Number of protein chains: 2
Amino acid sequence: MSDPSTKPNTHPASEAGAKLRIFQAAEALVSEQGFDAVSTRDIVAKAGVNIAAVNYHYGTKHRLLLEIFRVRATELNRERSQLLRVAMEERPGDARAILHALVEPATLWISDERRVALRFLNRARSEGPLEVRETIRTDVRHLRRFVDALALALPAMPREDLLWRFHFALGVLHYNQSADYERLSILSDGTCAPDDRVALLRRLVDFIAGGFGLPPAAAS
Amino acid sequence: MSDPSTKPNTHPASEAGAKLRIFQAAEALVSEQGFDAVSTRDIVAKAGVNIAAVNYHYGTKHRLLLEIFRVRATELNRERSQLLRVAMEERPGDARAILHALVEPATLWISDERRVALRFLNRARSEGPLEVRETIRTDVRHLRRFVDALALALPAMPREDLLWRFHFALGVLHYNQSADYERLSILSDGTCAPDDRVALLRRLVDFIAGGFGLPPAAAS
DNA sequence: CATCGCATGAAACAAGCGTTTGATACGGTA
DNA sequence: TACCGTATCAAACGCTTGTTTCATGCGATG
C-alpha cells in the first residue's frame, strides 16, 4: 500500500500503472491549486483513468491524500536526519552546520522535480486534512533531534532561549518553502530572485545563525 | 458599504444589525476553520439570519469575504504605518526600532479581541480568494516604507542583503501570527508558551535583529 | 477450454454548495 | 389611509461534490 508502483498493471489502458498515475496527478494538482480546490474528477482527468479508480485503489480521496503525505513526509524527514548525522560526525559542535542540515533539504528539493512533493507538504501544513495537521503539530520526534544537537553545540544558551530561536528558525524555513518570492521580487525591482539556490541557502543559514547570535560565517 | 454598522436596522428580528452580524460571524468562522471550510449556511446559522441575507446585503459570499479582508487589512496597515512614523520621529536611524514597529501590531492583536481579525488575514494570505492573494503579493507599498526606513538606518548594508533579510523577517513574523505554538510547547515540555506577549515581542525582535547582524539589544 | 479474480468502464446516487425566487411584514412619507 | 422601499422568510433552483453500483474485459490458473 505504501508504494503505488509495486504492483505491475495488467490492463492495457494503464501502461504506467493507474495507481501510480493517480498518486502523481493528485500530488501535482494539490501542490498547484491546494487541497480544497482539487476534486476527484480533476485528479482522474489528469491521470487519465476512470473516476471509480480512485476509490478502487485508495478507498477514498481522503486516504489517497493521507498516503501522499505519509510517503513524502517520510522521505523529507529521512533526508534531514541523514544530513544531521553527517553534520554531527564531520563537524561536531558546529551549530551552523546543524542549522545547515535543517535548511538544506527543502532548499534543494525546490530546485529539482521534488519541488512538487515539497509544495504538497507545505500545503498539507496549513490546509491539509485535520488528521495531517494534527500529525505535523504533535509529531516532533525528528525536530527534537535538531534541538538536542543545537543544545550540545551551544551549551551556554538557556534551553528556553534556544527553543524559541529554533521556533523562529522554522518560521523562516517554512516561509521560504512556500515560494512566495514575487513580493520580494517586486520590492527589489527584480534584483532579488531565488534562482541561485546555493546563494539562497547561504543567505538563509546566515540569517538564522544571526538570529541564534552566532558570528558571521567564515568565507568558505 | 465599507462599514457594516452604518445602517440602523428597522426589522425587529435584527437588533444588532443583520449586516454587521453576518460580517462578524463570517470573520470568526473563517478565522477558525479556514476559507473553504465555511459555507454560507454556516455563516447565517452563526449570525442568526436567513440564508438569503448574505446575498441581499453583500451580493455574493465572495464579495463578503473580500469586504472583510479589505476592512481588516486597512486597519492593520494603518496601525503599522503609524508605529513606523513614531519610530522614525523618536528614534531616527535606529534599525531595531523599525523592526519593532513592523512586528508589534500583529503581536498585540493576538492578545486581544482583534485576534480574530488577524487570523482571518493570515488565512487570506494562503487560502483566500485568488483576488485577495494577488493583492497581498503585489501590493507592497506599505512594506516599501519599512525597507526604505531600514536602508536609511543601515546605510552600510547592500540593498540586496537588506531585502533578503527583510524577506526572511516577514517569514518569522507570519509564522508567529499563525499561532502554531503547540509544536513549540511540546518540544519544550510546556515551558515555552506565548502567554507573555511582551517577552514574545522582545524575543521576536531579538531574533530578527540578530538576522540583520545587529548587536544584542541593550537592557531596557 | 472453462473459470476466477482483478481492473476498468459508464452511469447514477445522495448530499452539499452558492444563489435566486416570490411572498410577507414593517416603518416612514404623502 | 394608501403607498413605497427596505428587510426578512421559506422554498426551491441548478450545479458540483465524493462515492457507489453493476456490467464488462482482461490475463492467469485449473
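**View 1. Arg197(B) is a buried arginine without a salt bridge.** The nearest side chain of opposite charge belongs to Asp195(B), 6.3 Å away. Here, buried means under 20% relative accessible area, with over 50% called exposed and anything in between partly exposed (1.4 Å probe, protein chains only). A salt bridge needs a side-chain nitrogen of Lys or Arg within 4 Å of a carboxyl oxygen of Asp or Glu. For charge, Lys and Arg count as positive and Asp and Glu as negative, while His and the chain ends are not counted. This is a predicted model, in which local features need pLDDT of at least 70 and side-chain atom pairs count only at pLDDT 80 or more, while totals for chains, interfaces and linings use all residues. Residues are numbered from 1 along each chain as its sequence is written, chains are lettered from A and ligands numbered from 1 in the order in which they are written, and side-chain values use heavy atoms, leaving out hydrogens and water.

**View 2. Who surrounds Arg197(B)?** Setting aside neighbours within four places in sequence, Arg197(B) is in contact (heavy atoms within 4.5 Å) with Thr107(B), Ile110(B), Ser111(B) and Tyr181(B). Arg197(B) itself sits in helix H11 of chain B, residues 197–211. Helices are DSSP runs (H or I, at least four residues), numbered from the N terminus.

**View 3. Arg91(B) is a partly exposed arginine.** Its relative accessibility is 48%. You'll find Arg91(B) in the loop between helix H4 (61–90) and helix H5 (95–111) of chain B. Beyond four places in sequence, Arg91(B) is in contact with Val86(B) and Ala97(B).

**View 4. Ile22(A) belongs to the largest nonpolar core.** That core has 149 residues, and Ile22(A) is among those with the most contacts inside it, along with others including Phe166(A) and Phe212(B). A nonpolar core is a set of buried Ala, Val, Leu, Ile, Met, Phe, Trp, Tyr and Cys residues joined through side-chain atoms within 4.5 Å. Leaving out neighbours within four places in sequence, Ile22(A) is in contact with several residues, among them Ile43(A), Val49(A), His57(A) and Leu64(A).

**View 5. Chain B meets chain A.** Here 45 residues of chain B are in contact with 45 residues of chain A. Together the chains bury about 4400 Å², 67% of it on carbon and sulfur atoms; this is accessible area (1.4 Å probe) lost on being put together, summed over both parts. Trp164(B), Leu187(B) and Phe207(B) supply 18% of the area that chain B buries against chain A, more than any other three residues. The interface also holds 6 salt bridges. Arg137(A) forms a salt bridge with Glu182(B), their closest N and O atoms being 2.6 Å apart.

Conventions
Helices (H or I, at least four residues) and strands (E, at least two) are DSSP runs, numbered from the N terminus. Buried area is the accessible area (1.4 Å probe) that two parts lose on being put together, summed over both.
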